[in-house]
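Subject: Structure for your review

Dear colleague,

Please find below the structure that I would like to hand over to you. My findings follow after it, arranged by topic, so that you may check each of them against the model.

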Amino acid sequence: MSTGTEIIELIRKQALLMQGTGLELAVVTSAMPLIIKIENMDMELSGEFLLLSEKFSEHKVNVSSGGVNINATTTKEDLHTHDVFSADIHSGEIIVSSPLKAGDQVVVMPMYQGQKYYILDRVVL
């Protein structure tokens, strides 16, 4: 077999391994750590068996604006108060937590002949 033919055969085998067998439904049984149960299966999956997009994992987002003015009165344990006339917020970083919680239903796609599952989206009923 020539090198070109071997490469083509290797690519075909890899494509078959990555090919999904269809979409399936699963239920989140735990949000932290993330554990799901595929419908019609008797086992739960977590960790290395799950692939997540950024929207389902905790991640940081840089934010910026032209500034936000805040007018407020603060109270510390009823001892005294402080009047805040303005605070300018121009940029910063926020942490976005995973929106998944126990009981959520998700759509998953099996990959690598069912060795890993990619969580595509949350099902909204």
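A residue is called buried when its relative accessible area is under 20%, exposed when it is over 50%, and partly exposed in between. Asp121, at 38% relative accessibility, is therefore partly exposed. Please keep in mind throughout that this is a predicted model.

Salt bridges

How many salt bridges does a search of the whole structure find? The search gives four.

One of them joins Asp121 to Lys55, with 3.3 Å between the closest N and O atoms. This pair connects distant parts of the chain: Asp121 belongs to strand β10 (residues 116-122), while Lys55 sits in the loop between β4 (50-51) and β5 (59-64), and 66 residues separate the two. Lys55 has a relative accessibility of 42%, so Lys55 counts as partly exposed.

Another salt bridge is formed by the side chains of Lys60 and Glu93, at 3.9 Å from N to O. Here, too, distant parts of the chain are linked, since Lys60 lies in strand β5 and Glu93 in strand β8 (residues 91-96), 33 residues apart. Lys60 is exposed because its relative accessibility is 57%. Glu93, with a relative accessible area of 48%, is partly exposed.

Lys101 and Asp104 also meet through their side chains in a salt bridge, with an N to O distance of 3.5 Å. Are these two residues buried or exposed, or do they fall in between? Lys101 is partly exposed, at 48% relative accessibility, whereas Asp104 is buried, at 10%. Lys101 and Asp104 belong to a network of salt bridges that also includes Arg122.

The nonpolar core

The largest nonpolar core contains 13 residues. Those with the most contacts inside this core are Leu34, Ile36, Ile38, Val106, Val108 and Ile119. At least two residues of the core come from each of β1, β2, β9 (105-111) and β10. Strand β2 contributes the most, namely three residues.

Apart from neighbours within four places in sequence, Ile119 is in contact with Leu34, Ile36, Leu51, Leu52, Phe56, Val106, Val107 and Val108.

Val107 and Leu25 lie 82 residues apart in sequence, yet their C-alpha atoms are 4.8 Å apart in space. When neighbours within four places in sequence are set aside, the contacts of Val107 include Leu23, Glu24 and Leu25, as well as Tyr118, Ile119 and Leu120.

A surface patch and a buried histidine

Which residues form a nonpolar patch on the surface? They are Val63, Ile94 and Val96, which together have about 200 Å² of accessible area. Ile94 is located in strand β8 and is partly exposed, with a relative accessibility of 41%.

His59, in strand β5, has a relative accessible area of 16% and is therefore buried. A polar atom of the His59 side chain lies 3.1 Å from the backbone oxygen of Glu54. Leaving out neighbours within four places in sequence, His59 is in contact with Glu54, Ile94, Ile95 and Val96. Two of the residues in this list, Ile94 and Val96, also belong to the nonpolar patch.

Backbone features

Most residues other than glycine have a negative phi, and most peptide bonds are trans. Two places in this chain should be read with that in mind.

What kind of peptide bond joins Met32 and Pro33? The bond is cis, with omega at about 0°. Pro33 is part of the loop between β1 (24-31) and β2 (34-38).

Asn40 has a positive phi, near 70°, although Asn40 is not a glycine. Asn40 is placed in the loop between β2 and β3 (44-46). At 81% relative accessibility, Asn40 counts as exposed.

Yours sincerely,
A colleague

Methods
Residues are numbered from 1 along each chain as its sequence is written. This is a predicted model: local features need pLDDT of at least 70, side-chain atom pairs count only at pLDDT 80 or more; totals for chains, interfaces and linings use all residues. Side-chain values use heavy atoms; hydrogens and water are left out. Helices (H or I, at least four residues) and strands (E, at least two) are DSSP runs, numbered from the N terminus. Buried means under 20% relative accessible area, exposed over 50%, partly exposed in between (1.4 Å probe, protein chains only). A nonpolar core is a set of buried Ala, Val, Leu, Ile, Met, Phe, Trp, Tyr and Cys residues joined through side-chain atoms within 4.5 Å. Contact means heavy atoms within 4.5 Å. Patches are made of residues with over 30% relative accessible area and no salt bridge: like charges are joined within 9 Å, nonpolar side chains (Val, Leu, Ile, Met, Phe, Trp, Tyr) within 5 Å. Accessible areas come from the Shrake-Rupley method with a 1.4 Å probe; for residues, only the protein chains shown count as cover. A polar contact is a pair of N or O atoms within 3.5 Å; within protein, one must be able to donate a hydrogen and the other to accept it, and residues adjacent in sequence count only if both atoms are side-chain atoms.
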